[in-house]
Amino acid sequence: MRDTVETSPLLQYRAQTVVPGRILKMEEAIKNRDFESFARLTCADSNQFHAVCLDTSPPIFYMNDTSHRIISLVEKWNHSEGTPQVYSVPV
């Protein structure tokens, strides 16, 4: 993560702009037992974390083909149901 802190402008943007509001929304979703909001926020945060890894110099690649297939299946399932049924945060 040292490389990310030193080289990723996206990490700085997240820390200053995205994370404070997302934490408040996540706390609200948990307090209200709002799984749909919780799932959407979790997936969005996970996706942005992947972007931060790729924004690092040198880029960090930790997801593999199986990770991508799981995300795709979860997205298709949730889309077919019209609302999040599951969420996926592969590591």
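Which residue just after α2 takes a positive phi? In this predicted model, for which local features need pLDDT of at least 70, side-chain atom pairs count only at pLDDT 80 or more, and totals for chains, interfaces and linings use all residues, that residue is Arg33, with a phi of about 50°. Residues are numbered from 1 along each chain as its sequence is written, and side-chain values use heavy atoms, with hydrogens and water left out.

The chain contains four helices and zero strands, where helices (H or I, at least four residues) and strands (E, at least two) are DSSP runs numbered from the N terminus, and the order along the sequence is α-α-α-α. The C-alpha trace spans about 40 × 30 × 15 Å along its principal axes. Of the 91 residues in the chain, 29% are buried, a class defined by a relative accessible area under 20%, with exposed meaning over 50% and partly exposed in between (1.4 Å probe, protein chains only). The accessible surface, computed by the Shrake-Rupley method with a 1.4 Å probe and, for residues, with only the protein chains shown counted as cover, comes to about 6400 Å², and carbon and sulfur atoms contribute 57% of that area. Among contacts (heavy atoms within 4.5 Å) with a separation of 6 or more, 54% join residues 24 or more positions apart.

Helix α2 covers residues 9–31 and has 23 residues, reaching 32 Å from its first C-alpha to its last, close to the 33 Å expected at 1.5 Å a residue, the expected span being 1.5 Å times one less than the number of residues. The buried residues of α2 are Leu11, Arg14, Val18, Arg22, Met26 and Ala29. An α-helix has 3.6 residues a turn, so residues three or four places apart point the same way. The cover over the buried residues of α2 includes α1 (2–7) and α3 (35–55).

For α3, the end C-alpha atoms of its 21 residues are 30 Å apart, in agreement with the 30 Å that these residues should span at 1.5 Å a residue. Its buried residues include Ala39, Leu41, Cys43, His50 and Cys53, and the cover over the buried set includes α1 and α2.

Arg33 lies in the loop between α2 and α3 and counts as exposed, at 77% relative accessibility. In the loop between α3 and α4 (65–81) lies Pro58, which a cis peptide bond with omega of about -5° joins to Ser57. Most residues other than glycine have a negative phi, and most peptide bonds are trans. Pro58 likewise counts as exposed, at 53% relative accessibility, and its C-alpha atom is separated by 35 Å from that of Ala29, 29 residues apart along the chain.

Not counting residues up to four places away in sequence, Asp3 touches Ser8, Thr56, Ser57 and Pro58, and Asp3 is partly exposed, with a relative accessible area of 38%. The C-alpha atoms of Asp3 and Glu27, 24 residues apart along the chain, are separated by 30 Å.
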